Structures are given as structure tokens and as C-alpha cells.
Amino acid sequence: MDSWVRFNAQSQAKEKVIRAAQYACTLLGYTLHKGGAAAEVRKTVSQLEAHMSLTRKLLRLGNSVEALEAAKRSIHLSDSVLRLCLTISHLNRAMYFACDNVLWTGKTNLISKLDQHKWSERSFRYYLFSLILNLTRDVYELCLLMESEARYRTAKSSSSLHPSSTSPADQLSSPSSPASPAIVALPVMGAWLRRQLHLVVTVLYSNPPLLLDLLKNSCDIFIPMDRLGIYSTGPGVVGACGLISSVLSILTMVYPWLKLKP
């Protein structure tokens with residue numbers, strides 16, 4: 001099993017490069033269409049994209065095994081939220097790859113009467129569920145880090161605050177305040193939002209793996225949503241999002257420390 005996982009890791013690197021090229025062709029085809037390029041050129045780019053898609057499906061044969069192994073590892077995590085999100089996400093990825101393998105047999109005419117549209121929808125549906133769970137995991141980890149950073153800031157600033165200083169909340173609750181609560185609440189809420197935004201930026205800046213994973217999953221989720229008709233964005237957005245997420249995936253392979261763990 002370990003030898004298969006090592007072999008599959010090599011094919012995944014090639015698959016990510018071909019994926020980047022495929023979505024670059026998608027974006028290029030959209031640009032050529034908008035620019036009024038010749039039909040023959042657009043057809044060539046479309047055929048190249050289709051060939052790359054078929055090659056990726058070939059390289060993904062057997063990826064279900066690795067997804068199941070990842071699910072077996074994640075089921076032993078101590079954090080219940082991470083355990084639930086990652087395990088179910090890996091199981092959905094295993095089903096996505098399985099449906100994609102069946103779809104490959106149809107596209108290569110190994111199974112001539114296969115309903116490719118149905119299997120494609122099934123594949124993208126499992127892919128979408130997996131991405132939703134991955135984004136849930138990212139947001140959960142972001143919230144944990146934000147709480148930790150907020151506690152650190154509170155502990156750091158509590159020693160420097162003067163006991164007689166008055167916070168905006170105290171001014172809001174003070175009966176002697178001449179302004180109405182609604183007027184005072186607006187700047188207080190604005191200040192709170194600015195603090196939260198600054199906290200998010202600080203946490204993501206100090207945690208590149210979480211930032212890259214959040215960006216990658218946010219870009220990827222538009223692909224199955226467009227293919228399933230949930231939120232149609234068009235080939236331009238799909239191509240751009242797919243290209244960005246592919247480049248980010250390649251970065252995590254070139255620099256393993258950028259990959260979010262577990």
C-alpha cells in the first residue's frame with residue numbers, strides 16, 4: 001500500500017500540471033471567443049482542453065484508494081470537528097474519483113452505452129460536497145486561531161490599560177451620555193468590524209498554509225457549482241479559478257510546508 005501511495009504521489013504532481021494547462025486552455029478559449037478569433041483556432045484550443053481532461057482522468061485512476069487511506073488516518077484525529085469534516089471529505093473524494101474513473105471508461109468507449117451526463121453530475125456532486133467540508137474545516141481552524149490571537153492581545157493589553165479608562169461599551173451604557181444609544185452604537189460596531197478584519201488578516205498572514213488552502217478551496221468550489229448549474233459563472237471564471245487553484249496546489253507540492261495539516 002505504501003508503494004502505491006508513493007507512486008500515486010508522482011502521478012498527482014503530473015496531474016496538477018496538466019490541470020493547470022487544461023484550465024489555461026479554458027480561459028484562453030473564452031478569451032479567444034470574446035476577441036472574435038477564428039473558429040478553427042477556438043476548435044483547436046477546445047480539442048486540446050478535452051485531451052488534457054481525458055489525460056487527467058487516466059492519471060486519477062486509483063486515487064480512490066489514497067482517499068480511503070486518508071479517511072482512515074483522519075478518523076483518529078482528537079478534534080471532533082476536524083475528524084468529522086476531514087473523514088467525510090475524504091470519503092466524498094473517494095466517491096468522486098470512483099465516478100470519474102467510470103466516466104473515463106465511457107469517454108474511451110470501453111463502456112459504449114454509459115450515460116456520461118449522469119456520471120459527470122454524480123462526480124461533480126461528490127466533488128462539491130468534499131469542497132464544502134474542506135471550506136468548513138478552513139473556517140473552523142481560522143476561528144480557533146482568531147480566538148487564540150484575541151486572547152493573546154487581551155492579555156497583552158490588559159496590563160497597560162489604566163483602571164479609570166472608559167471603553168466605548170461603557171460609554172454606550174452610561175446614563176449620563178447625551179447621545180442616543182443608536183448613534184453611539186454605529187461607531188462602536190464599525191470599530192469592532194475593523195478589529196475583526198485586522199484579526200483575520202493577521203492570522204492568515206502568519207499562517208500561509210491555511211491562507212493557501214482557503215484560497216484554493218474558494219476557487220475550486222465555483223467549478224462544480226457551474227457544472228451542476230447551481231451558480232453559473234461561465235467558462236472565463238471557471239478557467240481563471242481552476243488555473244489559480246492548480247498553481248496553488250503545485251506550490252504545496254513544491255514546498256510541502258505550505259500544505260495544511262492534518
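Mentor: A contact, in this predicted model, means heavy atoms within 4.5 Å.

Trainee: What does isoleucine 221 touch, leaving out residues up to four places away in sequence?

Mentor: With those neighbours left out, isoleucine 221 touches Leu128, Leu131, Ile132 and Leu135. Each of these pairs is called a contact because heavy atoms lie within 4.5 Å.

Trainee: Why is the set of residues that includes Ile221 called a nonpolar core?

Mentor: The term requires buried residues of kinds such as Leu, Ile, Met and Tyr, joined through side-chain atoms within 4.5 Å. The largest such core here has 20 residues, and those with the most contacts inside it include Tyr127, Leu142, Met146 and Ile221.

Trainee: How do you know what kind of secondary structure the protein has?

Mentor: The assignment comes to ten helices and zero strands.

Trainee: How much of the protein counts as buried?

Mentor: Buried residues make up 34% of the 262 residues. The cut-off for that word is under 20% relative accessible area. As for the accessible surface, it comes to about 15700 Å², of which 66% belongs to carbon and sulfur atoms.

Trainee: What share of contacts between residues at least 6 apart in sequence joins residues at least 24 apart?

Mentor: That share is 75%.

Technical notes:
Residues numbered from 1 in each chain as written. Predicted model: local features only at pLDDT ≥ 70, side-chain atom pairs only at ≥ 80, totals over all residues. Heavy atoms only, no water. Buried < 20%, exposed > 50% of the residue type's maximum accessible area, 1.4 Å probe, protein only. Helix = DSSP H or I, 4+ residues; strand = E, 2+ residues; numbered from the N terminus. Areas by Shrake-Rupley, 256 points an atom, 1.4 Å probe, with all protein chains shown as cover.
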